[in-house]
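Dear colleague,

Please find below the structure that I am handing over to you, together with its sequence. My notes on what was found in it follow directly after.

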Amino acid sequence: MADRVYRITPQLLQSWGVKGLVLDIDNTLTTHDNPVPDQGVTAWLEQNRQAGIQMIVLSNNSPERVKPFAEILGLDFIADGAKPLKKGYRRCSEAMNIPCEQLCMVGDQIFTDILGGNNAGCKTVLVQPIQKEKMAFFRFKRAMERLVLRICPKKRADSILHLS
Ligand SMILES: [Mg+2]
């Protein structure tokens with residue numbers, strides 16, 4: 001877990017043997033439907049690039065949402081990603097030519113980003129959603145996530161960072 005994506009440093013990723021990042025968009029790199037990346041995101045991507053870590057966007061959102069945002073970031077993307085199914089992660093693995101075991105999924109939702117990433121054999125980091133959702137369905141999902149978080153073993157990527 002990490003509170004924001006930029007807590008996940010290239011050094012930390014390299015210590016896990018991670019060569020590529022699979023990135024969610026909504027509430028991970030920016031708020032829902034926001035065309036502008038969240039503060040610190042662009043600089044974080046640049047750090048990863050300089051460290052030789054490849055990156056791709058994997059979103060369940062539509063191409064109309066995903067394509068322009070990925071283009072701003074200069075990243076390849078897969079829209080309509082069908083997370084938590086494995087196929088989107090496999091497509092990312094093929095696109096980057098990196099095995100799933102050397103990929104790390106970064107996203108804000110346990111039941112899509114993290115569940116799918118773990119099933120596909122990727123490392124996963126759950127980030128805190130940038131903004132609280134107002135829709136009833138999302139609030140229900142977040143309540144379920146809190147239950148899972150109570151029982152799941154987890155480590156804070158940002159606290160690991162402070163130790164190293
Ligand atoms: Mg999301």
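Asp24 and Asp108 are both buried, where buried means under 20% relative accessible area, exposed means over 50% and partly exposed lies in between, computed with a 1.4 Å probe on protein chains only. Please note that this is a predicted model, in which local features need pLDDT of at least 70 and side-chain atom pairs count only at pLDDT 80 or more, whereas totals for chains, interfaces and linings use all residues. Residues are numbered from 1 along each chain as its sequence is written, and side-chain values use heavy atoms, with hydrogens and water left out.

**The magnesium site**

The magnesium ion has as its protein donors Asp24 (OD), Asp26 (O) and Asp108 (OD), which lie 2.1 to 2.2 Å from the ion. Donors are N, O and S atoms within 2.8 Å of the metal (3.2 Å for Na, K and Ca); water is not among the atoms, so sites may look incomplete. Along the chain, these donors follow the spacing D-x1-D-x81-D. Asp24 belongs to the loop between E1 and H2, and Asp108 to the loop between strand E4 (103-107) and H5, so the pair ties together parts that are 84 residues apart in sequence. The element names refer to DSSP runs numbered from the N terminus, namely helices (H or I, at least four residues) and strands (E, at least two).

Asp24 has a relative accessibility of 6% and therefore counts as buried. Leaving aside neighbours within four places in sequence, Asp24 is in contact with Leu29, Leu58, Lys83, Met105, Val106, Gly107, Asp108 and Asp113, contact being defined as heavy atoms within 4.5 Å. One of these residues, Met105, is 81 residues from Asp24 in sequence, yet their C-alpha atoms are 7.8 Å apart in space.

Asp33 is also placed in the loop between E1 and H2. Is Asp33 buried or exposed? With a relative accessible area of 61%, Asp33 is exposed. Not counting residues up to four places away in sequence, Asp33 touches Asp26, Asn61 and Arg65. The C-alpha atoms of Asp33 and Val125 are separated by 22 Å, and the two residues are 92 residues apart along the chain.

**The strands**

Strand E1 (residues 20-23) pairs with E2 in the parallel sense over four bridges; two strands pair if DSSP finds at least two bridges between them. Within this pairing, Gly20 stands opposite Gln54 and Val22 opposite Ile56. From E1 the chain crosses through helix H2 (residues 41-50) to E2, in a β-α-β crossover that is right-handed. Right-handed here means that, with the strands pointing away from the viewer, the path from the first strand over the helix to the second runs clockwise.

E1 also pairs with E4, again in the parallel sense and over four bridges, and the bridge partner of Gly20 in E4 is Leu103. In a regular strand the side chains alternate between the two faces of the sheet. In E1, Gly20 and Val22 point one way, Leu21 and Leu23 point the other way, and all are buried.

Strand E2 (residues 54-58) is mostly covered, with four of its five residues buried. E2 runs parallel to strand E3 (residues 76-78), to which three bridges join it, and Ile56 has Asp76 as its bridge partner in E3. Between E2 and E3 the chain crosses through helix H3 (residues 63-73), and this β-α-β crossover is right-handed.

The buried residues of helix H4 (residues 86-96) include Gly88, Tyr89, Cys92, Ser93 and Met96. Seen down the axis of H4, the buried residues fall within an arc of 145 degrees, so they line one face of the helix; the arc is that of the directions from the helix axis to the C-beta atoms. The cover over them includes E1, E2, E3, E4 and H5. The face turned away from the buried side carries the exposed residues Lys87, Glu94 and Ala95. Just after H4, Asn97 takes a positive phi of about 55 degrees.

In H6, Phe138, Lys141, Arg142 and Glu145 are buried. These residues cover an arc of only 100 degrees around the axis, which puts them on the same side of H6. Helix H5 (110-119) is included in what covers them. On the other side of H6, Ala136, Arg139, Arg146, Arg150 and Ile151 are exposed.

With kind regards
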